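The sequence and the structure are displayed first, and the discussion follows.

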Amino acid sequence: MSSGGAEDDIPQAERKTVTDFCYLLDKSKQLFNGLRDLPQYGQKQWQSYFGRTFDVYTKLWKFQQQHRQVLDNRYGLKRWQIGEIASKIGQLYYHYYLRTSETSYLNEAFSFYSAIRQRSYYSQVNKEDRPELVVKKLRYYARFIVVCLLLNKMDVVKDLVKELSDEIEDYTHRFNTEDQVEWNLVLQEVAAFIEADPVMVLNDDNTIVITSNRLSETGAPLLEQGMIVGQLALADALIIGNCNNQVKFSELTIDMFRMLQALEREPMNLASQMNKPGMQESTEKPARRENPHKYLLYKPTFSQLYTFLAASFKELPANSVLLIYLSATGVFPSGRSDSEGPYDFGGVLTNSNRDIINGDAIHKRNQSYKEMHCLHPGDLYPFTRKPLFIIVDSSNSVAYKNFTNLFGQPLVCLLSPTAYPKALQGTCSVAFPNELQLDHISIPNKYSLDSSGEDSFSSLWNP
């Protein structure tokens with residue numbers, strides 16, 4: 001607002017409009033930042049907080065639409081500020097999808113991100129000599145790409161990657177900043193991600209058909225005669241990726257990407273069917289199709305993995321199954337053991353970044369000790385007290401071969417092969433399982449979740 005005597009000339013109603021807008025803007029930022037402090041595990045504590053945040057952002061979005069002219073004249077509202085509000089609403093929908101596994105919220109995130117692009121909210125950012133504003137624009141592109149990947153909108157992804165490349169080139173030429181290399185690595189990473197999943201299906205007219213791993217309404221297999229349905233339902237899933245040098249974008253490895261879609265139904269558009277997520281919904285709303293709740297854990301430490309496992313186990317409903325998908329580098333036993341227990345065959349690797357002293361990783365002092373950063377089969381035994389479905393995709397998957405069912409609950413353990421068939425050896429450049437040798441392609445800790453779990457680029461919460 002204008003200062004000095006000019007303020008006296010502003011009508012009271014317009015002054016109140018600016019004051020109300022500033023209040024909603026500050027409140028929205030406060031609530032948005034508070035979401036970062038919520039625990040990532042557990043399904044109940046966060047929902048009311050998300051509801052309040054959605055409510056404030058809904059009021060803020062409508063308020064700026066209704067009073068745009070006053071805000072332009074008296075507040076100096078810029079288009080990139082409108083874009084920032086829309087971007088945060090898109091982030092809210094994306095993270096609500098992560099919390100609920102309801103794919104329809106991906107469509108809502110896509111709608112807001114698309115509106116930012118179509119209305120060119122960030123178009124004037126490059127004309128201002130403020131690198132932090134350009135970074136906001138680059139982060140918006142990265143988040144938009146993740147949502148489009150999850151929705152299999154590959155044509156949009158390719159357009160966004162081209163635009164992001166142009167924006168990064170302009171950014172690096174105009175500003176001598178420390179993150180130039182990191183943003184170029186972001187481009188390499190998304191390019192590798194797209195290239196790693198090259199399967200294409202052509203129509204009769206040779207047009208490309210986008211295929212999806214999600215379950216469609218008409219794609220469910222028919223039940224065989226005599227099959228009984230409804231005794232057990234898949235309610236929770238932990239999808240864990242910890243392979244060395246694996247193709248990924250953000251905190252989504254290529255195998256995590258495929259697996260999470262295999263556990264989802266095709267998304268619907270919620271715009272005409274639902275109220276704001278997290279709020280009290282109308283009793284007239286059509287029944288929602290529930291997907292299994294999922295946790296996506298990229299390179300978790302053992303303690304992080306166990307915390308999420310315990311939370312899922314605690315909240316697992318009756319007559320439900322917990323699925324654990326482990327895609328991780330194998331850890332092999334250091335020597336022969338006199339016994340053959342659940343801790344004697346090795347297992348799969350967990351993140352060891354936290355165990356650093358004076359810059360050096362802690363190593364085992366005695367080869368007779370077990371690898372402390374390994375998830376052994378015995379570590380999962382406590383969770384067999386409830387129905388459990390385990391998939392191990394690792395070079396040491398055989399460590400889980402003799403998985404013992406101690407409590408008589410339903411238990412399935414699927415193990416990947418540990419080597420390629422001889423007929424395929426030498427014809428594939430992929431190291432098993434799904435590990436492309438791309439040491440030069442990785443987002444440094446500044447842009448990925450580090451071992452301390454602090455906020456980062458890939459958490460997609462940064463304002």
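In this predicted model, the second largest pocket holds about 870 Å³ of space. Its lining is made up of 28 residues, and those closest to the pocket centre are Leu232, Ala233, Leu234, Arg265 and Pro292. Four strands each supply at least two residues of the lining: strand E3 (233-242), strand E7 (320-328), strand E13 (388-393) and strand E14 (411-415). Sorted by class, the lining of the second largest pocket comprises 22 nonpolar, three polar and three charged residues.

Attention now turns to charged side chains. Side chains of opposite charge can pair when their charged atoms come close. Across the whole structure, 12 salt bridges are found.

| Salt bridge | N to O distance |
|---|---|
| Glu84 and Lys136 | 3.0 Å |
| Arg117 and Glu163 | 2.7 Å |
| Glu189 and Lys248 | 3.2 Å |

The side chains of Glu84 and Lys136 meet in the bridge at 3.0 Å. Because Glu84 belongs to helix H4 (residues 79-100) and Lys136 to helix H6 (residues 131-150), this pair ties together parts that are 52 residues apart in sequence. Glu84 counts as buried, at 13% relative accessibility, and Lys136 counts as buried at 19%.

For the bridge between Arg117 and Glu163, the closest N and O atoms are 2.7 Å apart. This pair links distant parts of the chain, with Arg117 in helix H5 (residues 104-118) and Glu163 in helix H7 (residues 154-174), 46 residues apart. Arg117 is partly exposed, its relative accessible area being 30%; Glu163 is partly exposed as well, at 24%.

Glu189 and Lys248 have their closest N and O atoms 3.2 Å apart. Glu189 is located in helix H8 (residues 180-195) and Lys248 in strand E4 (residues 248-249), so the bridge joins parts that are 59 residues apart in sequence. Glu189 is buried, with a relative accessible area of 1%, and Lys248 also counts as buried, at 5% relative accessibility.

Beyond these pairs, a network of salt bridges links Arg214, Glu264 and Lys294.

Lys88 lies over the face of Phe32, at 5.1 Å from the ring centre. Likewise, Lys386 lies over the face of Phe313, where the distance from the ring centre is 4.6 Å.

Contacts between rings complete the account. The structure holds 27 aromatic pairs. One of them joins Phe50 and Phe54 in a tilted arrangement, 6.4 Å centre to centre and with 35° between the planes. About one helical turn separates Phe50 from Phe54, because they are four residues apart in helix H2 (residues 47-66). Phe50 and Phe54 are both buried.

Tyr96 and Tyr105 form an edge-to-face aromatic pair, with 4.8 Å centre to centre and 85° between the planes. Tyr96 counts as buried at 2% relative accessibility, and Tyr105 counts as buried at 1%.

Which residues do ring pairs link into a cluster? The members are Trp46, Phe50, Phe54, Trp61, Tyr93, Tyr96, Tyr105 and Phe112. The tilted pair of Phe50 and Phe54 and the edge-to-face pair of Tyr96 and Tyr105 thus belong to one cluster.

Technical notes: Residues are numbered from 1 along each chain as its sequence is written. This is a predicted model: local features need pLDDT of at least 70, side-chain atom pairs count only at pLDDT 80 or more; totals for chains, interfaces and linings use all residues. Side-chain values use heavy atoms; hydrogens and water are left out. Rings of Phe, Tyr and Trp (its six-membered ring) pair if their centres lie within 6.5 Å; planes under 30 degrees apart count as stacked, over 60 as edge-to-face and the rest as tilted. Buried means under 20% relative accessible area, exposed over 50%, partly exposed in between (1.4 Å probe, protein chains only). A charge sits over a ring if NZ of Lys or CZ of Arg is within 6 Å of the ring centre and within 35 degrees of the ring normal. On a 1 Å grid over the protein atoms alone, a cavity is a set of points where a 1.4 Å probe fits but cannot get out, and a pocket is an open set with protein on both sides within 12 Å along at least five of seven lines; lining residues have an atom within 4 Å of a point. Grid points are joined across faces, edges and corners, and a volume is the space filled by probe spheres set on the points. Ala, Val, Leu, Ile, Met, Phe, Trp, Tyr, Cys and Pro count as nonpolar, Asp, Glu, Lys and Arg as charged, and the others, Gly among them, as polar. A salt bridge is a side-chain nitrogen of Lys or Arg within 4 Å of a carboxyl oxygen of Asp or Glu.
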